[in-house]
Amino acid sequence: MPGFEAVGGFCYIFSTNAVNFATAKSSCPSGSVLAYPSSAAQMADLVAYLNSNKSGITDWWVDLSLIAGKWFWSDGTTTTGANLGNSNNEPCARLDAPPNYAPRDIWCTITYRFICQYKV
């Protein structure tokens, strides 16, 4: 797919504009969705790519949401993290900053760049 970068078993496109979470979810090209790196291997591949190719950019929207007190990737996989729910349990999350790009909770109305994915 034009504009997408192959990373591991997925292809990603990295936005150049900052938008809120709802807009990010609806802005992925046809056939793709807001990224949800729900496995350790997928997250490791994505973090390595971000560190090698996007290290000057922080805060990327991903499809991780707080539902009934638990964090869910859009595929239904639950996750936990030191930076999730450590403040006011904001309902959305982004990958924060290099080198770890750890998921961190934030209000959904803040604007960040976003990552879309589709499986190869």
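Reply: Setting aside its neighbours within four places in sequence, Gln 117 is in contact with Phe 10, Cys 11, Tyr 12, Ser 32, Val 33, Ala 35, Tyr 36, Pro 37 and Gln 42; contact means heavy atoms within 4.5 Å. The model is predicted: local features need pLDDT of at least 70 and side-chain atom pairs count only at pLDDT 80 or more, while totals for chains, interfaces and linings use all residues. Residues are numbered from 1 along each chain as its sequence is written, and side-chain values use heavy atoms, with hydrogens and water left out.

Gln 117 belongs to strand S9, residues 113-119. Helices (H or I, at least four residues) and strands (E, at least two) are DSSP runs, numbered from the N terminus. With a relative accessible area of 3%, Gln 117 is buried. Buried means under 20% relative accessible area, exposed over 50%, and partly exposed in between, with a 1.4 Å probe and protein chains only. The side chain of Gln 117 also reaches the backbone nitrogen of Tyr 36, at 3.0 Å.

The largest nonpolar core has 21 residues, and Tyr 12, Phe 14, Leu 50, Leu 95 and Ile 115 have the most contacts inside it. Such a core is a set of buried Ala, Val, Leu, Ile, Met, Phe, Trp, Tyr and Cys residues joined through side-chain atoms within 4.5 Å. Two or more residues of this core come from each of strand S2 (10-14), helix H2 (40-53), strand S4 (60-67), strand S5 (70-73) and strand S7 (92-95). H2 gives the largest share, 5 residues. Apart from this core lies another, of 11 residues, among them Val 19, Ala 24, Leu 34 and Cys 116.

Leu 95 has contacts beyond its neighbours within four places in sequence, including Met 43, Leu 46, Leu 50, Asp 59, Trp 60 and Ile 115. Of these, Asp 59 lies in the loop between H2 and S4. Asp 59 is buried, at a relative accessible area of 16%, and its phi is near 65°, a positive value in a residue other than glycine.

Ala 68 lies in the loop between S4 and S5. Its phi, near 50°, is likewise a positive value in a residue other than glycine, but Ala 68 counts as exposed, at 82% relative accessibility.

Technical notes:
Polar contact = N/O pair within 3.5 Å; in protein donor to acceptor, adjacent residues only side chain to side chain.
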